Amino acid sequence: MKLNTNAAAAVASIVDPIRRAVEQDRVTMLAPAIAKLQEAGAFSFPEFFASARADRYSRRLIWADPAGRFVVVGMTWAPGQFAPLHDHAGQWGVEAIVEGSMKQTAYRLVDRDAQQRYRFMREGEEIAHVGAVSVVIPPLEYHAFANASPDVSRTVHVYGSTMERCQKFLHDADGWWRAETVELTYDA
Ligand SMILES: [Fe+2]
């Protein structure tokens with residue numbers, strides 16, 4: 001992404017606090033740091049988000065830490081778009097709603113068989129609104145995320161590294177879930 005000066009300043013304004021939180025104690029510091037930035041409007045910058053796409057939600061890389069400790073990604077969700085039940089490739093993450101509202105359904109992995117089939121227990125579902133910040137910490141890394149707004153929703157995600165792929169899970173009629181690899185790309 002090519003940034004003008006304003007955009008570079010906007011990126012710096014979020015990256016510095018995120019880097020400090022990651023350096024200090026990411027588990028306890030990062031979610032409050034993200035909540036504070038969100039409250040201050042630091043994520044409400046159009047260049048952080050790609051346009052909505054027709055085929056899937058869009059993902060834009062806002063920042064990749066040169067030392068490889070974290071990435072910041074903006075996601076744009078058109079009405080009706082969702083990420084089905086998925087993992088986070090074993091990465092920790094923090095997800096914040098910047099615009100709109102999202103339905104978040106948490107699952108717990110309870111079994112896995114020799115044929116790579118999985119069983120999950122649905123743990124809870126909530127509609128979260130602007131300002132909500134949630135944390136993904138493996139092994140509690142399984143959830144579905146869906147735009148719950150009639151308009152576009154936008155979210156910001158911080159992950160422990162660039163996730164080039166993750167797994168999504170498809171529910172079979174027999175109650176088991178099958179994993180499918182998803183290649184994660186960025187939109188300009
Ligand atoms: Fe997720």
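Modeller: In this predicted model, two residues are in contact if their C-beta atoms, placed from the backbone, lie within 7 Å.

Colleague: What covers the buried residues of H1?

Modeller: The cover includes strand S2 (71–77), S4, S7 and strand S9 (153–159). Among the buried residues of H1 are Ala10, Ile14, Ile18 and Ala21, together with Leu30, Ala33, Ile34 and Leu37.

Colleague: Why is Ala89 called buried?

Modeller: A residue is buried if 20 or more other C-beta atoms lie within 10 Å of its own. Ala89 has 20 such atoms within 10 Å, and therefore counts as buried. Ala89 belongs to the loop between strand S3 (82–86) and strand S4 (93–99), and its phi is positive, about 55 degrees, although Ala89 is not a glycine.

Colleague: What makes Gln116 exposed?

Modeller: The cut-off for an exposed residue is 12 or fewer C-beta neighbours. Gln116 has 10 inside 10 Å, so it is exposed. Gln116 sits in the loop between strand S5 (101–112) and strand S6 (117–129), and also has a positive phi, about 60 degrees, without being a glycine.

Colleague: Which peptide bond is cis?

Modeller: The bond from Pro138 to Pro139 is cis, with omega near 10 degrees. Pro139 lies in the loop between strand S7 (133–136) and strand S8 (142–147). Most peptide bonds are trans.

Note on methods
Residues are numbered from 1 along each chain as its sequence is written. This is a predicted model: local features need pLDDT of at least 70, side-chain atom pairs count only at pLDDT 80 or more; totals for chains, interfaces and linings use all residues. Helices (H or I, at least four residues) and strands (E, at least two) are DSSP runs, numbered from the N terminus.
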